[in-house]
Amino acid sequence: MNLLIITSSYSNKNEHEFWLIHTYEVLDLVSQLKVQVKRAETGQRGYLLTEDREYLVPYKQGINLSLNTYEALKIKTKDNPTQQKRLTELYDILNQKFSELEQTIQFAKKGAMDEAKKLVKTDIGRHLMEEIELVLLAFEQEERYLLNKRSRDYIEAKSLHSTSVIILECVYIILIVWLIYSIRDKVLKPLRVLGLYIKNYPESEKFEIAKDNNCIEVSELAQGIKSRCSESEKAIIQLKQNEQEMAEQLKSVTQRALALCSSNEHFTAKLSSMLQQYFRDKQGAFSHEDIDHILKLTISERDSNKELELYLKNNINQSDKI
């Protein structure tokens, strides 16, 4: 988009500059044509006054150069129908003027100076020159008008081009600033964090970072992070194994405790039965209070064993879930 805008504005400026230079060239050709016609007329007048053939040189040069300049003007203004029409009118007047000059010179060459002077005194040449000047004046005014218009267009195009360049430079500056901030946030900050991580890495496990090759440096960073991740995975696996072993040991201990509780309960029940039988047989030897007290103790022990058994069973269930 930037290239398109720059190219378009630059091309527009160059086009207006071309037409501006073109108008100056046309005005310069008009001035040259005036000078060349006057030069031809001056050579003719000099020859008539002095009969020196040296004056015929500027006369012939003036005519030839006038015709060449006329052709150049015709080519330069081929895009302007109004100017082409004026040039067609000018061509007829030039032919009449050059014909009048040639007639006077031919009279002088033949020795008929009176005829030549008589033709000059008719003022045909002067009238033709005035007509040439009028046509060239109108031609020049048209070009002056175009010059003013094209000058304004050129100034506007140049200003537009300069404004486009300034705007695009501002856009470039904004993009550069945005790019700097993006690089800082997306690249430099992560690298700084990695650098701090490596700086705080345990001294015994610290590794070297390449300073000459950025690619090697990034590769080393990646290897370090990968190594740490691998160590973490190993530690997690080891923790899980330890946890499983502890659960199995706890389960084993609990099962042994349950077995012991069961044996105690069995023993307590048997003891209770034996004591009841014994005290039924020997009621006279003990008081009723003693018998109740012993029975309560026995029952309390049995209940305690049941609570311990229930607690251990819950622990076994929890261990199985783990």
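In the predicted model, the axes of helix α1 (residues 2-50) and helix α5 (residues 124-199) come within 8 Å and cross at roughly 160°. Axes are lines fitted to C-alpha atoms, for helices over the stretch in contact, with angles from 0 to 180 degrees between N-to-C directions. α1 and α5 are therefore roughly antiparallel to each other, a term for angles over 145 degrees. Their contact comprises 23 nonpolar, 10 polar and 12 charged residues; Asp, Glu, Lys and Arg count as charged, Ala, Val, Leu, Ile, Met, Phe, Trp, Tyr, Cys and Pro as nonpolar, and the others, Gly among them, as polar.

Residues are numbered from 1 along each chain as its sequence is written. Local features of this predicted model need pLDDT of at least 70 and side-chain atom pairs 80 or more, whereas totals for chains, interfaces and linings use all residues, and side-chain values use heavy atoms, without hydrogens and water.

A second pairing involves helix α2 (residues 56-76) and helix α3 (residues 81-109), whose axes come within 11 Å and cross at roughly 170°. α2 and α3 are therefore also roughly antiparallel to each other. Residues of α2 including Leu56, Tyr59 and Ile63 meet a set in α3 that includes Leu87, Leu94 and Phe98, contact meaning heavy atoms within 4.5 Å. This contact divides into 13 nonpolar, 3 polar and 3 charged residues.

Overall, the chain holds 7 helices and 0 strands, helices being DSSP runs (H or I) of at least four residues and strands (E) of at least two, numbered from the N terminus. Of its 322 residues, 26% count as buried, that is, under 20% relative accessible area with a 1.4 Å probe, protein chains only.

Methods: Angles under 35 degrees count as roughly parallel, over 145 as roughly antiparallel, 65 to 115 as roughly perpendicular and the rest as oblique. Buried means under 20% relative accessible area, exposed over 50%, partly exposed in between (1.4 Å probe, protein chains only).
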